[in-house]
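Let's take a friendly walk through this model together. Have the sequence and the 3D view open as you read.

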Amino acid sequence: MSDTTAPLHPARPVSRLQNRHIIMIALGGGIGAGLFVGSSAAIAAAGPAVLLAFIAVGMLVMLIMRMLGEMVTANPGKGSFIEYIRLAHGNGAAFTAGWLYWFFWLVALGSEAIAGAILLHDWINLPVWVLATTLIVALKLINLAAVHIFGECEFWLSLVKVVSIVLFVAAGGLYVAHLFGPGVPVTRNVLGHGGIFPHGMVAMVSIIPSVLFTMIGSEIATVAAGESADPARNAARVTRTIGLRLTLFNSLSIAMILMIVPWTDVVPGHSPFISALEIMGIPGAALFMQIVVLTAVISCMNSSLYITSRVLAELARHNDAPALLQRYGRQNTPVNAIIANSIAGGIVAFSSILAPGTVFAFLLSCSGGVILLVYSLIVTAYLVTRRQARTAGQRAAFRLPFFPAINIATLGAVILIFAAMAFDPHQRMIAVASLGTSIFFVLIHVIRCRLRTAA
């Protein structure tokens, strides 16, 4: 048998991820540069109501992760969540979900490479394209190494983000409590500029898609759990608590910002964390946040390359991608998939330099909302899987209360987010392009099936 058909788990000692790696991969996946910088646009658009949006989205992520965790616990060792969609809905849904998810994170890899290069350019006087290429090559080498090396790198990168948020919340709490500094008029900052809903409820709903995209990525942990010594237990453990932890981290951070900085002073594109740190009089705020944001960018790139390579290799094993992409190397890493994704991510990065207003903007639009379809398929897959388990008398792994009402409500929330994008003039094109991307992959699957039937 050739290398292109090498098994997923060769009969040699393999590297494993530890539980601490998986926890930090999950936390790191849901805490990105979008929180540290992108949240400024959401605050400026909705005012204090942005906190309600973060809490609502956190609850949504919590439910989706819980559903995913219970499916993994009931049928451990299947692979990524794409395989659970396959079990519930068949090959067509798995093909579409797999390629959409791959596309989403591939575009993220390229765009984050450019963002990281721009940050590094302030310190290293090299062309942005050189720095972006260097970042991609460095992370490719990390991912080609044993999986525990990837896990160790992601552990420390995510730890920087988590510790930064904890320190920020702690310092903010002390400042708000007047334990240091001149104090701050919390009530006036939060309520004195138009109240909780200065732009109405519609403004809060309209920012929910943007808030969701700052918290996407925790589902990567379920794939990482599959490369640990006890996949079912680790997946159950991390999915049971990760949604609550993310909600607390994000919501407490935003709450501190709103209490310390008048929301009318928040400038879109400028980190509100820097503004809060400067008001508190903490020296080196700008440099500190620049390091944290760079860490978040590199962490996102690292996770993007990891998840795209696993999904691509998994698709290849089901003949949904070229067979050579399923080849695993000596360190039990999908060598060809990692190389292919690093090249493709580099192409996306270069498109942002060569054609930022056309090709790159088109890719961003096409990938922006596809994650919503993937999440919808996870929710419906849970519905099918749990009903199948009930029929077979296997209910132990499924404990989510209020079934199926809670699942239908979750699906309705995902649909509402997409509708909010469609009605928002600033995000309408992303919704339309993302829908077009989904239809494109569905058509590809239909054409492939017909060609195989004809042959």
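A disulfide here is a pair of cysteine sulfur atoms within 2.5 Å. By that cut-off, the structure holds zero disulfides. Please keep in mind that this is a predicted model. C153 shows how the cut-off works out: the closest cysteine sulfur to its own belongs to C300 and is 15 Å away, so the two are too far apart for a bond. C153 is partly exposed, with a relative accessible area of 26%. Another cysteine, C449, is also partly exposed, and its relative accessible area is 32%.

From the cysteines, let's turn to a pair of packed helices. Two packed helices are described by the angle between their axes and the distance between the axes. For helix 5 (residues 91-121) and helix 14 (residues 335-354), the angle is about 55° and the axes lie 8 Å apart. That angle makes helix 5 oblique to helix 14. The crossing of helix 5 past helix 14 is right-handed.

Next, find helix 12, which spans residues 272-279. How much of helix 12 is covered? Most of it is, with six of its eight residues buried. Those buried residues are P272, F273, I274, S275, A276 and L277. Their cover includes helix 2 (33-46), helix 7 (147-176), helix 11 (231-260) and helix 13 (285-317). At its start, a side-chain oxygen of S271 comes to within 3.2 Å of the backbone nitrogen of F273. Just after helix 12, G281 adopts a positive phi of about 80°.

Our last stop is T410, a residue of helix 17 (residues 405-423). Is T410 buried or exposed? Its relative accessible area is 2%, and since buried means under 20%, T410 counts as buried. What does its side chain reach? The side chain of T410 comes to 2.7 Å from the backbone oxygen of I406. Leaving aside residues up to four places away in sequence, T410 touches L60, L63, I64, M67 and V379. Put together, T410 is a buried residue whose side chain reaches a backbone oxygen.

Note on methods
Residues are numbered from 1 along each chain as its sequence is written. This is a predicted model: local features need pLDDT of at least 70, side-chain atom pairs count only at pLDDT 80 or more; totals for chains, interfaces and linings use all residues. Side-chain values use heavy atoms; hydrogens and water are left out. Helices (H or I, at least four residues) and strands (E, at least two) are DSSP runs, numbered from the N terminus. Buried means under 20% relative accessible area, exposed over 50%, partly exposed in between (1.4 Å probe, protein chains only). A polar contact is a pair of N or O atoms within 3.5 Å; within protein, one must be able to donate a hydrogen and the other to accept it, and residues adjacent in sequence count only if both atoms are side-chain atoms. Contact means heavy atoms within 4.5 Å. Axes are lines fitted to C-alpha atoms, for helices over the stretch in contact, and angles run from 0 to 180 degrees between N-to-C directions. Angles under 35 degrees count as roughly parallel, over 145 as roughly antiparallel, 65 to 115 as roughly perpendicular and the rest as oblique. A crossing is left-handed if the near helix is turned anticlockwise from the far one by less than a right angle, and right-handed if clockwise.
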